[in-house]
Amino acid sequence: MLLVTQSPNPLRRVIRKLTLPAVLSLAAMLPALQAGAADHVIYPAPEEAKADLAAGLKAAAAQHKHVIIDFGGNWCGDCQVLDIYFHDPANKPLLNSNYILVHINVGHLDLNQEIAERYGIPLKKGVPALAVLDEHGKLLYSQRSGEFETMRRMEIGSVTSFLLQWKPSGHGM
C-alpha cells in the first residue's frame, strides 16, 4: 500500500515505485493523468457503497456479467495504478464485456468494513483488494493476502490474467 499524503501530485509518488514496463505503459498517458490527477476520483463517497453495490449486482444479473468489487481509497497510489491498468486499451474491452466494476471507498481502511468482511476481504492486508461475484451475487474469489496491494510494482499483464481467469464462461474476449 502506498500512502499518498505528502506530495501535492500523487502521481509522482506512484511513478517512483513502478517497474520499467509499467512506466513505459503509463508514459503515453502521463500528460492527461497529471492534468486530471487532482480531479480524478475513482472511489465515490463511502456512504454510497451499499447503493452502488446493489446497482452493480442488478446490472450484472441483467447483463449476465460478473461483478468486480474494488476496495480502496482515492489516497491510495496502488489503487490509482490498478484503475489505470483496468482502463488500459489491453484490458478495457475485457473488463467492459465481462464485468461490472464497483468501487467501494474504505476511507483509510476504517469505512465499509462490513462489506469487506462479507466478501472475505481483510483490509488490514492492504488495498486495492478485489472480490469477484457471479451474476447472482455469489462470491467466486476474494483477495485474502493483499495480492494487488503492491500494484505499482506489478505489470499490466497481471491485471489481464486476473480478468481472463474470472470472466464468465462463454463470454467473448
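**A tour of the chain**

Modeller: Pro128 lies in the loop between α7 (113-118) and β3. This is a predicted model, and in it the peptide bond from Val127 to Pro128 is cis, with omega near 5°.

Biologist: Which residues other than glycine have a positive phi, for instance near 55°?

Modeller: Asn112 is one of them, with phi near 55°. Asn112 is found in the loop between β2 (99-105) and α7. Another is His64, whose phi is positive at about 55° although the residue is not a glycine. His64 belongs to the loop between α4 (49-63) and β1.

Biologist: Is Asn112 buried or exposed?

Modeller: Asn112 counts as buried, at 11% relative accessibility. His64 is partly exposed, with a relative accessible area of 46%.

Biologist: Let us step back. How many helices and strands does the chain have?

Modeller: The chain has 8 helices and 4 strands. Read from the N terminus, the elements follow the order α-α-α-α-β-α-α-β-α-β-β-α.

Biologist: In what order do the strands of the sheet stand?

Modeller: The 4 strands make an open sheet in the order β2-β1-β3-β4, and the pairing is mixed. β2 and β4 stand at the edges with a single partner strand each, so one side of each has no neighbour in the sheet. On average, neighbouring strands of this sheet are turned by 20° against each other, direction ignored.

Biologist: What packs on the sheet?

Modeller: Helix α4 packs on the sheet, where it touches β1, β2 and β3. The direction of α4 makes about 175° with that of β2.

Biologist: Now to β3. How does β3 pair with β1?

Modeller: Strand β1 (residues 66-72) and β3 are antiparallel and pair over 5 bridges. Within that pairing, Phe71 stands opposite Ala129, and the bridge partner of Asp70 in β3 is Leu130.

Biologist: And how many bridges join β3 to β4?

Modeller: There are 3 bridges between β3 and strand β4 (residues 139-142), and these two strands also run antiparallel. Leu133 stands opposite Leu139 in β4, while Val132 stands opposite Tyr141.

Biologist: What happens at Gly137 in the hairpin?

Modeller: The hairpin of β3 and β4 has 5 residues between the strands, and Gly137 takes a positive phi near 90° there.

Biologist: Why is β3 described as largely enclosed?

Modeller: Strand β3 (residues 129-133) has 5 of its 5 residues buried, so it is largely enclosed by the rest of the structure. In a regular strand the side chains alternate between the two faces of the sheet. In β3, Ala129, Ala131 and Leu133 point one way, whereas Leu130 and Val132 point the other way, and all are buried.

Biologist: How many residues of helix α5 are buried?

Modeller: In helix α5 (residues 77-86), 10 of the 10 residues are buried, so this helix is largely enclosed by the rest of the structure. The buried residues of α5 include Asp78, Gln80 and Asp83, together with Cys79, Val81, Leu82, Ile84, Tyr85 and Phe86.

Biologist: What share of the whole chain counts as buried?

Modeller: Of the 173 residues, 47% count as buried. The accessible surface of the chain is about 8300 Å², and carbon and sulfur atoms account for 57% of that area.

Biologist: What part of the contacts links residues 24 or more positions apart?

Modeller: Such residues make up 71% of the contacts in the chain that have a separation of 6 or more.

Biologist: One last topic, the confidence of the prediction. What is the mean pLDDT of the chain?

Modeller: The mean pLDDT is 85, and 76% of the residues reach 70 or more.

Biologist: Where does pLDDT stay under 50?

Modeller: One such stretch is residues 1-15, for which the model has 34 contacts beyond four places in sequence. Another is residues 28-38, where pLDDT also stays under 50 and the model has 9 contacts beyond four places in sequence.

Notes
Residues are numbered from 1 along each chain as its sequence is written. This is a predicted model: local features need pLDDT of at least 70, side-chain atom pairs count only at pLDDT 80 or more; totals for chains, interfaces and linings use all residues. Side-chain values use heavy atoms; hydrogens and water are left out. Buried means under 20% relative accessible area, exposed over 50%, partly exposed in between (1.4 Å probe, protein chains only). Two strands pair if DSSP finds at least two bridges between them. pLDDT is the predictor's confidence in each residue, from 0 to 100. Contact means heavy atoms within 4.5 Å. Axes are lines fitted to C-alpha atoms, for helices over the stretch in contact, and angles run from 0 to 180 degrees between N-to-C directions. Accessible areas come from the Shrake-Rupley method with a 1.4 Å probe; for residues, only the protein chains shown count as cover.
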